[in-house]
Amino acid sequence: MGDERKADLSFGDYDHIEVTLSSYTNEMTSSANETSASAEPSGLFKVLAATAAVLLIGLVFGASLWVLTAIVAAAVVVLNQFLAKTWATATIATRVSKNQELHVGESFAVELTIKNTSRIPVVWLLVEDLVPRWTTIHDPPTLEIEGDRVGVMLLWGGQTRKVSYTVRCNRRGYFQIGPTVLETGDVMGLYRRYRVGTQPQYMTVLPKVMTLDGYDIASPRPMGEIRMRDNVFEDPTRLRGIRQWQPGDPMRRVHWSATARTGILHSKVYEPTSIAGATLVLDLHVDTNPSHNEPVRTDLAITAAASIASALMEQSQPFAMVTNGRDAADRIRIDGWKGDHRVREQAKRSAQMTDKNDRLRPVIVDAGRGPAHFQKLRTQLARLERSDGMSLAQLLIEAESRISSETTLLAIFQQPTPETIAMLVSFARRGKAVAAIINTLDANEYGQAAGPLIAANIPTIHLADDRSIRDVCRASTGSLRSA
């Protein structure tokens with residue numbers, strides 16, 4: 001059945017070929033009892049039956065031309081089917097480049113090798129390395145392609161050819177490059193074969209980190225030293241009392257005056273303190289992050305979060321992150337890369353990343369310190385995307401138990417809803433240190449959003465553009481002092 005449909009099509013009727021192959025594929029996959037093995041004999045049987053009928057007519061009526069026509073037609077069909085199948089299975093694509101982690105503005109090279117493993121020349125082979133379409137439609141594009149990722153080539157027996165191009169990363173994100181779709185067929189266009197030839201590779205482009213101006217660790221800002229309930233650290237500048245020396249006490253803690261008076265070693269006891277740090281709460285819900293602001297405002301919020309975390313890391317302060325955004329790695333389809341002979345568009349659809357927003361649980365990076373923890377948080381920020389799964393108010397309710405009570409809750413959002421404001425005010429009234437960074441360019445929008453928070457003595461910071469990121473700590477210092 002499949003062979004008969006293909007035999008009626010010309011090489012140039014490309015769209016009709018795809019529709020025919022699509023219907024053929026759907027019929028084959030919808031039948032639970034039929035297999036691909038049983039479909040080939042059915043089509044071949046019809047070709048043989050038609051050839052036999054022509055031969056019989058020629059023998060009965062003594063028409064030698066009919067006999068010759070039947071033989072030639074059968075030979076052409078069989079030969080073209082053999083060539084299409086051989087060329088499709090003999091070509092192997094290999095990806096040389098691997099997964100990488102890059103910074104904004106950097107470029108990386110993609111290299112593919114295409115080899116003909118048979119002795120029969122492959123007359124034509126179309127090679128296309130897939131790149132997400134949405135990354136190439138902005139101005140400037142998210143991924144800027146330099147070179148050809150699509151090519152048509154002739155491969156002699158045992159020959160190897162290369163396809164290479166360069167990708168420049170203009171903004172942060174998590175991107176799938178590939179897999180490679182191979183297309184070939186017979187010289188007459190009777191048969192087409194499509195194959196997903198290589199595994200894809202994944203690029204993580206880290207967000208920018210900006211140096212914050214006016215960062216004073218002693219100032220009363222959302223990140224600083226505060227009194228704590230738990231004895232995480234002891235502040236040597238705050239003497240609480242003295243006690244008798246105990247084994248294990250360092251000599252620098254010996255209180256020499258008390259020791260001289262009593263003749264017994266005594267040690268100093270310091271006031272317990274801790275460095276507060278911050279828990280970054282990032283709102284990426286599609287309703288409060290409208291599409292007409294994208295991707296500028298989302299990238300600005302993520303850059304601000306990464307810059308604040310970097311500043312906290314340099315001061316050895318703890319930092320964490322909670323967000324309702326979606327991890328791009330969650331929507332990568334990982335099955336069906338190799339060995340698929342299918343319709344081209346179907347192969348491309350199944351090979352690309354899905355785009356459904358269905359995250360119903362928060363992305364959380366627990367509190368920690370140091371460069372390794374910062375790199376983990378920065379990588380997670382690079383992969384974040386907007387989602388419609390959970391609002392910011394729902395996020396605060398869901399993740400409240402995971403938000404450290406010893407860190408400042410630093411919320412970053414564009415358009416606060418009444419529920420969000422109520423949750424932040426509730427946190428503040430329960431003794432939680434809360435600050436808000438409002439990500440908007442319009443000063444009037446900032447005033448409307450900040451009004452209820454300022455009335456509740458919650459410090460607010462205006463995040464207007466890249467330049468304002470550098471002043472975020474200075475601005476928050478002033479806000480806290482005025483509060």
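A: The model is predicted, so local features are reported only at pLDDT of at least 70 and side-chain atom pairs only at pLDDT 80 or more, whereas totals for chains, interfaces and linings use all residues. Residues are numbered from 1 along each chain as its sequence is written, and side-chain values use heavy atoms, without hydrogens or water.

The search of the whole structure gives 3 aromatic pairs. Rings of Phe, Tyr and Trp (its six-membered ring) pair if their centres lie within 6.5 Å; planes under 30 degrees apart are stacked, over 60 edge-to-face, and the rest tilted. One of the pairs is W134 with F175, which is tilted, at 5.9 Å centre to centre and 40° between the planes. The two residues are 41 apart in the chain: W134 is in the loop between β4 and β5 (143-147), and F175 is in strand β8 (residues 173-177). Helices (H or I, at least four residues) and strands (E, at least two) are DSSP runs numbered from the N terminus. F175 is buried, with 1% relative accessible area, while W134 is partly exposed at 34%. Buried means under 20% relative accessible area, exposed over 50%, and partly exposed in between (1.4 Å probe, protein chains only).

Another pair is F319 with F374; the ring centres are 6.4 Å apart and the planes stand at 75°, so this pair is edge-to-face. It too links distant parts of the chain, with F319 in strand β16 (residues 319-323) and F374 in helix α8, 55 residues apart. Both F319 and F374 are buried. Other buried residues of α8 include G370, H373, L377 and R378. Helix α8 covers residues 370-382, and its 13 residues should span 18 Å at 1.5 Å a residue; the end C-alpha atoms are 19 Å apart, which agrees. The expected span is 1.5 Å times one less than the number of residues.

Next come the charges over rings. The charged end of R383 sits over the ring of Y174, 5.9 Å from the centre. In the second case, R430 lies over the face of F427, 4.9 Å from the ring centre. Such a charge is NZ of Lys or CZ of Arg within 6 Å of the ring centre and within 35 degrees of the ring normal.

The chain between β8 and β9 holds P179, and the peptide bond from G178 to P179 is cis, with omega near 5°. Strand β9 (residues 180-185) contains E183, which is buried at 2% relative accessibility. The side chain of E183 makes a polar contact of 3.0 Å with that of R192.

Strand β9 belongs to an open sheet of 4 strands in the order β6-β4-β9-β10, with antiparallel pairing. At the edges stand β6 (150-155) and β10 (192-196), each with a single partner strand, so one side of each has no neighbour in the sheet. Strands pair if DSSP finds at least two bridges between them. Between β4 (residues 122-129) and β9 there are 4 bridges, and the two run antiparallel; V127 has L182 in β9 as its bridge partner.

Definitions and conventions
Polar contact = N/O pair within 3.5 Å; in protein donor to acceptor, adjacent residues only side chain to side chain.
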